[in-house]
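I set them down in the order in which I looked things up.

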Amino acid sequence: MGMAYTNLAVSKATTVFENMALQKLVPHSVFSFFLTAGTTSTIGGELILGGIDNSLFEGDIIYTRVTRKGFWQIAMKGVIVVEGNYDSTTPLGCLKGCPAIVDTGTSLLYGPKVDIARINTAIGAFPGDTTGEIYYVDCSTISSMPTVFFVIEQVHFPLKPRDYVLQFFYSDGTSECLSGFAGEDYQTSAGLLWTLGDVFMRPYYTIFDFEQSRVGFAKVTIP
């Protein structure tokens, strides 16, 4: 639809949203997303052009600046897995900080294959193929799986198993569980890229602010 920056567009064409802002069709150069948690959500997803919906989140909005204009690229500090009462401060991914893009067009959460392998091992997932991209989970273990924290602006954003495991139900009564953490090596000048897709955005109301070149996250209040 054209929600990123102009320099990512074909022929550097002005994007749909930037055109709307230039024509004063929106009150602010901001748009925001609420993504539903599948069929269990009580309402549908929501995209607001020109503002935010305060009824869909609680607490403070944590903003982080855009580090490269193209995709909505930000800086991430680390990925930490916490199991039970064991509070580990040692990252299993993004060990020395890393670039990450926030992207509604990506269903899973992608990171470098080596990092993703460590994280999936820590949560009890197993490879689904030989590419290092897809991992599966034993559906019976979801309730005992650890919390995974993504550190942005010194704030720890938790993803619980219900956030990062995608469960599919079939007509024969069986189900299959996919880890939301997928491996992909995408090199940039700032390092190997992470993509915070829908797996990350579902529990966090996400605000894209053209005016101040920043992305904001707040905890959603609607299940």
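Entry 1, disulfides. I began with the link of Cys 94 and Cys 98, which is left-handed, with -105° about the S-S bond. I note that the model is predicted. The S to S distance of this disulfide between Cys 94 and Cys 98 is 2.1 Å. I then looked up the accessibility of both ends. Cys 94 has 3% relative accessibility and therefore counts as buried. Cys 98 counts as buried as well, at 11%.

I next turned to Cys 139 and Cys 177, whose sulfur atoms lie 2.1 Å apart in a disulfide. The torsion about this S-S bond is 120°, and I recorded the link of Cys 139 and Cys 177 as right-handed. This pair links distant parts of the chain, 38 residues apart: Cys 139 lies in the loop between β10 (135–137) and β11, and Cys 177 lies in strand β14 (residues 175–179). Cys 139 is partly exposed, because its relative accessible area is 23%, whereas Cys 177 is buried at 1% relative accessibility.

I counted two disulfides in total. With bonded cysteines counted along the chain, I wrote their pattern as 1-2, 3-4.

Entry 2, the three-stranded sheet. I found an open sheet of three strands, ordered β6-β11-β12, with antiparallel pairing. Its edges are β6 (78–82) and β12 (155–159); each has a single partner strand, so one side of each is without a neighbour in the sheet. From one strand to the next, the twist averages 30°. I traced five bridges between β6 and strand β11 (residues 147–152), which run antiparallel. Within β11, Val 151 stands opposite Gly 78.

Strand β1 (residues 30–34) pairs with β2 in the antiparallel sense over four bridges, and Phe 31 has Leu 49 in β2 as its bridge partner.

I located Thr 206 in strand β19 (residues 204–209). Not counting residues up to four places away in sequence, Thr 206 touches several others, among them Phe 31, Phe 33, Val 102 and Phe 217.

Note on methods:
Residues numbered from 1 in each chain as written. Predicted model: local features only at pLDDT ≥ 70, side-chain atom pairs only at ≥ 80, totals over all residues. Heavy atoms only, no water. Contact = heavy atoms within 4.5 Å. Pairing = 2+ DSSP bridges. Axes fitted to C-alpha atoms, helices over the stretch in contact; angles between N-to-C directions. Disulfide = S-S within 2.5 Å. Buried < 20%, exposed > 50% of the residue type's maximum accessible area, 1.4 Å probe, protein only.
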